[in-house]
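Welcome! Please take a moment with the sequence and the 3D view before reading on.

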Amino acid sequence: MALENQVRDTGLVTIEDKQDWLVSKRSGGVRTVTIDLDTFKVDDEDKLAQYVTGTGDRATVIYIRSGIPLARITDSGAYGPFDPDATDGRQLGVAGFLESMLAVSITFSGWELVKGDQVGMRYRGDIRKELLPVEIPDGTTVEGDIYDVPEEGPVTHLSAVAGGAATPGAGSITSAMLAKGAVNTNALGDKQVTAAKLADGVTPTWANLGGKPAAHAAIADVAGDGTVTPATVNAILAALRTYGIVANK
């Protein structure tokens with residue numbers, strides 16, 4: 001059963017925490033990660049409204065919504081909101097979902113997380129994709145073990161859809177995993193196969209060369225007195241012409 005939404009009115013601002021994105025939790029499905037608060041502070045008002053609630057001219061505390069898809073920042077290893085338009089790694093896919101709403105103090109120096117930057121990220125569970133505060137386009141990579149359980153329609157394993165499978169680690173692909181014909185001539189770079197990699201008999205020699213002409217009739221040795229007859233010379237020339245060594249007359 002999805003968690004119920006919560007709405008609180010402080011008299012200054014309205015704080016709304018929509019938790020119906022999470023249909024059911026699964027044991028051990030949350031890990032602790034570090035978030036980069038600056039990635040939530042955006043000038044785009046539409047994105048800001050997706051990220052936070054409780055904003056207003058008199059607000060001293062605002063809240064980052066639970067359920068925001070989190071993505072890994074390549075350089076720092078910290079996490080921020082998934083954003084297809086980002087260039088810092090957050091455009092590459094979803095690592096998990098922010099488990100709980102986060103309180104952020106508004107001070108003269110900027111934003112400060114009330115309870116620090118270590119937060120829970122859900123990577124295993126059942127969610128309702130259409131109710132997430134930030135949209136995940138179809139085909140987006142989703143790590144972990146996440147199922148989309150819509151109110152109507154089939155259940156989808158988001159971590160197994162196109163783009164959701166993890167990239168195989170280095171050295172993890174075996175010969176048995178390759179489909180027949182997967183490695184063909186087009187997949188090989190020029191001059192990449194060395195003679196040492198070829199099986200015996202593969203490299204052409206005169207002995208195993210296919211399509212060669214049949215051996216020419218034997219030509220008698222030159223007589224012991226050194227006499228070379230025109231017939232002997234002509235026989236040698238005929239053999240050389242047969243094998244393309246001497247052009248035909």
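Predicted model: local features only at pLDDT ≥ 70, side-chain atom pairs only at ≥ 80, totals over all residues.

Residues are numbered from 1 along each chain as its sequence is written, and side-chain values use heavy atoms, with hydrogens and water left out.

**The four-stranded sheet**

- An open sheet is built from 4 strands in the order β5-β6-β10-β11, with antiparallel pairing; strands here are DSSP runs (E, at least two residues), helices are runs of H or I with at least four, and both are numbered from the N terminus.
- β5 (52-53) and β11 (110-113) are the edge strands, each with a single partner, so one side of each has no neighbour in the sheet.
- Two strands count as paired if DSSP finds at least two bridges between them.
- β5 meets strand β6 (residues 61-64) through 2 bridges, and Val 52 stands opposite Ile 64 in β6.
- β6 and β10 are joined by 4 bridges, with Val 61 opposite Ser 105 in β10.
- Strand β10 (residues 102-107) is linked to β11 by 4 bridges, where Thr 107 has Gly 110 as its bridge partner.

**Strands around β7**

- Strand β7 (residues 69-72) pairs antiparallel with strand β9 (residues 96-98) over 2 bridges, and Leu 70 stands opposite Gly 96 in β9.
- β7 also runs antiparallel to strand β8 (residues 79-81), with 3 bridges between them; here Arg 72 faces Tyr 79 in β8.
- The hairpin of β7 and β8 has 6 residues between its strands, and Gly 77 takes a positive phi near 80 degrees there.

**Surface patches**

- Patches gather residues with over 30% relative accessible area and no salt bridge, joining like charges within 9 Å and nonpolar side chains (Val, Leu, Ile, Met, Phe, Trp, Tyr) within 5 Å.
- A salt bridge is a side-chain nitrogen of Lys or Arg within 4 Å of a carboxyl oxygen of Asp or Glu.
- Asp 43, Asp 44, Glu 45 and Asp 46 make up a negative patch, and Asp 44 lies in the loop between β4 (30-34) and α1 (45-51).
- Asp 44 counts as partly exposed because its relative accessibility is 36%, and partly exposed means between the limits for buried (under 20%) and exposed (over 50%), with a 1.4 Å probe and protein chains only.
- Val 183, Leu 188, Val 193, Leu 198 and Val 202 form a nonpolar patch with about 410 Å² of accessible area together.
- Val 202 sits in the loop between β15 (156-157) and α2 (230-242) and is partly exposed at 47%.

Terms used:
Areas by Shrake-Rupley, 256 points an atom, 1.4 Å probe, with all protein chains shown as cover. Lys, Arg positive; Asp, Glu negative; His and termini not counted. Charge placed at Lys NZ, Arg CZ, Asp CG, Glu CD.
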